[in-house]
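Subject: Structure handover

Hello,

The structure is below, with notes on what was found in it. Please read the notes alongside the coordinates.

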Amino acid sequence: MSYNLKSKCFSLAAGFFFFALVLGAEAQAQTDWQKRWNELLAAAKKEGTVVVAASPSPDTRAEMEPAFSKQFGFRLEYLALAGAEATARVEREAAAGKVTIDILLSGNTELYNLLPAGRLEPAKDKLVLPDALDTSKWRENKLKFNDPEQRYMLQTMEYILPDLFINASTIKKGEIASWKDLLKPQYAGKIASFDPRRGGQGQAVAAYLLQLFGEEFIKQLFAGQKVVYTGDRRQLGDWIARGTYPIALAVATREVEQARKLGIPIERVFSRDTGGVTGGSGIIKIVKNAPHPNAAAVFLNWFLTKEPQEIFQRTNDMVSRRRDAGLKGVPDYVVPLEGVKYVDTYSDDYMIFYPKAQKMLQELLGGR
């Protein structure tokens, strides 16, 4: 056999050997995640329940509970709680050593309370399913963690901040062309807002305005125009729908859409190429010392897949960061436009500003 022929045979054999190694490594990787997942699922079924505190939307609970239980054979207990209420409950229970919640689906303010207090488990360490981990399926080709260590607080939603709405049967479209138009005398006593002094959408919008226009504008708007506050999202929706207060800040999008289905002309004032984007209550966290840790890990992995992402975005009028989650049923005014540079109210820079904004808003607007 010639030298060249021997060389070619050796190269061919080496190639087959390398190919076999690659296939073997891939098969091993597949076996490893499946083994880990099966063990996790078996342990979760023994726990029998996962307790998730999330959006107060009844539609979310009605769809998510049966979808989860059907797939995994154990119970999802969905606690419909506003973010601030859920966080306060976790803080109380953790202090008492009696944690009852496994998963929090809420906003970003846990960066300042639960996370530094050591009340959260690293969510990143619990990710197993390849479908959840496949970064090609997520915007910017990454899973977006909002904490400094990139492990605890995973943002699954990103949509245009619902900021300023009008009842167009009372306030003509185009009548308010800028935020500063709200300071006109004819709007005094006609504006309502979700309470900007507490965590949640009202505070998010007020902080956004504080960053844009400064303290004097906040005082002129909220105090000078006698803005009426509520901590009840349904009440705020009812006020604008009835025209009791025909201008509203930080209305829950679900309330807007329910009114619009009844033919009430509630409109977002500004176009989709302006404003900020938010993750809303789509930030998932695992509570430390959760009563059902394995079930919590199963829920985390499941929630990052297509079906639950579509359920959550549709029933909360948000937009998933997952690329293959369809937009059916999602109002167009919350869908970010491609190529538009929005203010990211969950960005690192903004979240450095946010604690200062919270304190300033308390000082400017008084306590609750």
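T315 is found in helix α10, residues 306–316; helices (H or I, at least four residues) and strands (E, at least two) are DSSP runs, numbered from the N terminus. The model is a predicted one, in which local features need pLDDT of at least 70 and side-chain atom pairs count only at pLDDT 80 or more, while totals for chains, interfaces and linings use all residues. Residues are numbered from 1 along each chain as its sequence is written, and side-chain values use heavy atoms, with hydrogens and water left out.

With a relative accessible area of 2%, T315 is buried. Here buried means under 20% relative accessible area, exposed over 50%, and partly exposed in between (1.4 Å probe, protein chains only). The T315 side chain has a polar contact with the side chain of N316 at 3.5 Å. A polar contact is a pair of N or O atoms within 3.5 Å; within protein, one must be able to donate a hydrogen and the other to accept it, and residues adjacent in sequence count only if both atoms are side-chain atoms. Not counting residues up to four places away in sequence, T315 touches S57, D59, T60, E63 and R254, where contact means heavy atoms within 4.5 Å.

- Q225 sits in the loop between α6 (215–223) and β10 (228–230). Its relative accessibility is 6%, so Q225 counts as buried. The Q225 side chain reaches the backbone oxygen of L182 at 2.6 Å. Leaving out residues up to four places away in sequence, Q225 touches L182, L183, K184, Y187, A188, G189, I191 and Q220.
- A241 belongs to helix α7, residues 233–242. At 19% relative accessibility, A241 counts as buried. Apart from neighbours within four places in sequence, A241 is in contact with N167, A259, I264 and I266. The C-alpha atoms of A241 and G263 are separated by 9.9 Å, with the two residues 22 apart along the chain.
- V256 is in helix α8, residues 253–261. V256 counts as buried because its relative accessibility is 0%. Setting aside neighbours within four places in sequence, its contacts are F165, V251, I266 and Y333. Between the C-alpha atoms of V256 and A117, 139 residues apart along the chain, the separation is 36 Å.

Next, the strands. Strand β14 (residues 283–287) is mostly covered, with five of its five residues buried. I283, K285 and V287 point one way from β14, I284 and I286 point the other way, and all are buried. In a regular strand the side chains alternate between the two faces of the sheet.

Which strands pair with β14 in the antiparallel sense? Strand β4 (residues 120–121) pairs with β14 over two bridges, with V287 as the bridge partner of L120. Strand β6 (residues 154–155) also pairs with β14 over two bridges, and there the bridge partner of Q155 is I283. Two strands pair if DSSP finds at least two bridges between them.

A separate item is an open sheet of three strands in the order β7-β13-β15, with mixed pairing. β7 (159–160) and β15 (343–344) stand at the edges with a single partner strand each, so one side of each is left without a neighbour in the sheet. β7 and strand β13 (residues 276–278) pair in the antiparallel sense over two bridges, and Y159 stands opposite T278 in β13.

For the protein chain as a whole, the secondary structure comes to 11 helices and 15 strands. Buried residues make up 48% of its 368 residues.

Regards
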